[in-house]
There are 2 protein chains.
Amino acid sequence: MGAFEFDAAMTLSGDGPAFGAVLDGRWDGHEGANGGFLLSLATRAAGEVLPFPDPLVVSGFYLRPGSPGPAEVRTEVIRSGRTTAFGQASVCRDGKEVLRATAAYTDLAAAAARGGPSFASIAPPDLPPPAQCQVLHRLANPPITFSERIEYRVTELPGWVTRTPPSGHPVYEGWMRFADGREPDLLSLPLFVDAVAPAALELGLRRMTTVELTVYLRARPAPGWLAYRMATRYLADGYFEEDAEIWDSAGRLVAQSRQLGLVLR
Amino acid sequence: MGAFEFDAAMTLSGDGPAFGAVLDGRWDGHEGANGGFLLSLATRAAGEVLPFPDPLVVSGFYLRPGSPGPAEVRTEVIRSGRTTAFGQASVCRDGKEVLRATAAYTDLAAAAARGGPSFASIAPPDLPPPAQCQVLHRLANPPITFSERIEYRVTELPGWVTRTPPSGHPVYEGWMRFADGREPDLLSLPLFVDAVAPAALELGLRRMTTVELTVYLRARPAPGWLAYRMATRYLADGYFEEDAEIWDSAGRLVAQSRQLGLVLR
C-alpha cells in the first residue's frame, strides 16, 4: 500500500493533535496545492483523532494558496456522539493557516447494515466503457502536476484541449482513476471531486480560485473507475458554484460536492 | 427595525469575541431551534468580528439540538484578506457547543459593481403570483413555532397537510416571506433555506436530523416574496441530501444550499 503515491502524500507524522505532513508539489494545481488534495489531507488528519472510520461530510475554507514544503495539520475533536463525531483540521504552512476544514465522521458500513429506503432521481453519466473513451492526456500547458497522478477518459475532448472556443455548456462528464493503480476510497473522494478542470472554462473564464468546498461522502466506493459529472449552473458578479457527482463502478453515488469559485482578473 | 421578530432574535450582547444571545423558543422546529435559524445567528456573530458586510458562504455542523434559553456565540477571526474574510462562530447552550459554523464574508455590492460575465442554466420556479397561490397555514401538528414567523404560498398542498400518501416526488416549490413584514436580507437566507418542511417527507420519511448545512449567498435579495425550490435527489443507507434554491422577487438567485440529513428511527 505504501507504494501508492496518494498514500505517501497522505502520510502524517506525530501523535497528534498536531501532525506533520509534506506537500511535495506533486499534487499542485495552477495556484499551489490542489484544493481537493488539501481537503483530503485535512480529512485524513481529522479522522486520526475521531473514533469512527468513515468521513461523511467535510467542508473546507481556502484561506491562502498551499505551496510545496513541510506542513502542519492541527486537529481538534469538536464532539464525539453515538453515531457521528465532529472534528476540525487546519492545514498550515510556515505557521500560516492555508485551509480550515470541519468534518463529520461515522461508520458507513454500519449505516449500510441498518439499511432503509432508497431513492434516486439522478443517475450516473451515460458513458461508454472507459476503454471506448478518449484519453485526456494533460490538464493544462504547462501541465498541472496533480493531473499526472490521475487518468481521465472522456467522450469528447474539451475546448481548452482542442483550442476551440468554449462551448457555453459548463458540464463535464468522464471517467477517472489513480494512474498508479490505487483503488478509490472515501479519503480520496475530496481529491477526485476537485480533480477535473473547472466546467466554467466552457464559459470562457480563465483564472479562478475556490473560496469554499463541501464534500458529502455517500458510500464507500467499489474498486475500479469513477464516473464524474461536474456542472456550473449559475455565474454572477464573479462568483459561480461548481457541483460534482462521483459514481463508482457499481453505479452508486459515492460523493456529491459543491464549491464556490471566484473569477480572478 | 427593532420591531421585527427576526431582528430581535438576532440581537447579540457584549463586545465580542463571545456574544450573548437568547434562543426564545419562537424559532423552534421539531427538535429544538430550527437549524437554519441557528446558522443565521452564527453568521450574524461572525459578521460582527469580520471587516466585510456580506456573508458569502457559511457551513454549519449540528452537534446537539438547540433548546430555548440563554446562549453564547463564540467567534474567531480566522483570516482577513483583501476581498474576503473568514471567521468561525460556535453557538453554545449551557457551555455545550450546539453548532460549529465557519463563514466567509465579502462585499457583494463591490462584486456587483465589478460585474463580469453571467450565466444561468437554472431558473426560478414557474409559479403564479403569491396572491393566486394557496396559503400554507401550519407546518405540522403540533405547530412548529418558527413556521408561525414565516408565511408560505404554494400551488398544491403537500401530502403531510392533506394527509394523502407521500407523492414519491421529493421537490417542494413555493413562495415565502416573514409574517411581520420584515424584508429578506442576506442574513435571513440561512434561515429561509431551512424553513420549508423536508422534501424527503414525500418519500415517506418521518423523523430526520441535519448533520451539516452549507449556504451560498449569491446576491442581496430585493424586497418582496422569495421563491423557493427544495429537492432531495438521493437517499441511501439513511442519509439524504436536500438542496435549496432561493430566488428573489427580481428573479435573481440569492441563495443555494445543501444539507445532509439522517433518517431517525
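Colleague: Where is Asp94(A) found in chain A?

Modeller: In this predicted model, Asp94(A) sits in the loop between strand 6 (85–93) and strand 7 (96–106) of chain A. Its phi is near 55°, a positive value in a residue other than glycine.

Colleague: What makes the peptide bond from Gly16(A) to Pro17(A) cis or trans?

Modeller: The omega angle is near 5°, and the bond is cis. Pro17(A) belongs to the loop between helix 1 (5–9) and strand 1 (18–23) of chain A. In chain B, a cis peptide bond joins Gly16(B) and Pro17(B), with omega about 0°. Pro17(B) is placed in the loop between helix 1 (5–9) and strand 1 (18–23) of chain B.

Colleague: How do you know how the two copies are related?

Modeller: Chain B can be laid on chain A by a turn of 180° and a shift of 0.0 Å along the axis, with an RMSD of 0.0 Å. The two copies are therefore related as by a two-fold rotation axis. The same surface serves both copies, as 100% of the contact residues of chain B recur in chain A.

Colleague: How many residues of chain B are in contact with chain A, and what area is buried between the chains?

Modeller: On chain B, 59 residues are in contact with 59 residues of chain A. The buried area is about 5,200 Å², and carbon and sulfur atoms give 59% of that area.

Colleague: Why is the meeting of the side chains of Arg100(B) and Glu76(A) called a salt bridge?

Modeller: The distance from N to O for Arg100(B) and Glu76(A) is 2.7 Å. The cut-off is 4 Å between a side-chain nitrogen of Lys or Arg and a carboxyl oxygen of Asp or Glu, so the pair qualifies. The count between chain B and chain A is 6 salt bridges. The residues on the side of chain B that touches chain A divide into 29 nonpolar, 15 polar and 15 charged. Across the interface, 28 residue pairs are in polar contact, both residues being at pLDDT 80 or more.

Colleague: Why are strand 8 of chain A and strand 14 of chain B said to pair?

Modeller: Strand 8 (residues 119–120) of chain A and strand 14 (residues 234–236) of chain B are joined over 2 bridges. Pairing requires at least two bridges, so these strands meet the condition. Their sense is antiparallel. Within this pairing, Ala120(A) stands opposite Tyr234(B), a residue in strand 14 of chain B.

How values were computed: Residues are numbered from 1 along each chain as its sequence is written. Chains are lettered from A and ligands numbered from 1 in the order in which they are written. This is a predicted model: local features need pLDDT of at least 70, side-chain atom pairs count only at pLDDT 80 or more; totals for chains, interfaces and linings use all residues. Side-chain values use heavy atoms; hydrogens and water are left out. Contact means heavy atoms within 4.5 Å. Buried area is the accessible area (1.4 Å probe) that two parts lose on being put together, summed over both. A polar contact is a pair of N or O atoms within 3.5 Å; within protein, one must be able to donate a hydrogen and the other to accept it, and residues adjacent in sequence count only if both atoms are side-chain atoms. Ala, Val, Leu, Ile, Met, Phe, Trp, Tyr, Cys and Pro count as nonpolar, Asp, Glu, Lys and Arg as charged, and the others, Gly among them, as polar. Helices (H or I, at least four residues) and strands (E, at least two) are DSSP runs, numbered from the N terminus. Copies are superposed by least squares on the C-alpha atoms of residues with pLDDT of at least 70 in both.
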